[in-house]
Amino acid sequence: VVITKAGVAALTLADPTATVDDYKTLRIISVTANAHTVSNAAGSGFNAGGAGSDIGTFGAAKGNNLVLVAYQGVWYVQSSVNVTLA
């Protein structure tokens, strides 16, 4: 996914489906310098961390990115550049 929005993008990401989506990878990169957010608040939170890690906030720089891997109904963070989970 490439975030191209000129302003701040607020994106929502549902939990993956256990077994069906296992090992699928989602790469999200920003090509605009904005503090975009990716929310998994309606799900289990990134790394199954619940409310403590359900929103990823991108720093306001081009190239910031978040790489997620699905496993058993949870998005696990494989890597990130300048993205804060809270």
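Predicted model: local features only at pLDDT ≥ 70, side-chain atom pairs only at ≥ 80, totals over all residues.
1. Strands β3 (residues 25-30) and β6 (residues 65-71) run antiparallel, joined by five bridges.

2. Four strands make it up, in the order β1-β3-β6-β7. The sheet is open, and its pairing is mixed. The edges belong to β1 (2-3) and β7 (74-81). Each edge strand has a single partner, so one of its sides is left without a neighbour in the sheet. As background, strands of a sheet pair through backbone hydrogen bonds, either parallel or antiparallel.

3. Look next at the surface. Val2, Ile29 and Val31 form a nonpolar patch there. Together they have about 220 Å² of accessible area. Val31 sits in the loop between β3 and β4 (37-39). Its relative accessibility is 38%, so Val31 counts as partly exposed.

4. Find Asp15 in the loop between β2 (10-12) and β3. Asp15 counts as partly exposed because its relative accessibility is 29%, and buried would mean under 20%.

5. What does Asp15 touch, not counting residues up to four places away in sequence? The answer is Asn40, Gly43, Ser44, Gly73 and Trp75. With Asn40, the link is a polar contact between the two side chains, at 3.2 Å. With Ser44, the backbone nitrogen lies 3.0 Å from a polar atom of the Asp15 side chain.

6. Asp15 and Tyr71 are 56 residues apart along the chain, while their C-alpha atoms are separated by 9.7 Å.

Conventions
Residues numbered from 1 in each chain as written. Heavy atoms only, no water. Pairing = 2+ DSSP bridges. Helix = DSSP H or I, 4+ residues; strand = E, 2+ residues; numbered from the N terminus. Patch = residues over 30% accessible without salt bridge, like charges linked within 9 Å, V, L, I, M, F, W, Y side chains within 5 Å. Areas by Shrake-Rupley, 256 points an atom, 1.4 Å probe, with all protein chains shown as cover. Salt bridge = Lys/Arg side-chain N within 4 Å of Asp/Glu carboxyl O. Buried < 20%, exposed > 50% of the residue type's maximum accessible area, 1.4 Å probe, protein only. Contact = heavy atoms within 4.5 Å. Polar contact = N/O pair within 3.5 Å; in protein donor to acceptor, adjacent residues only side chain to side chain.
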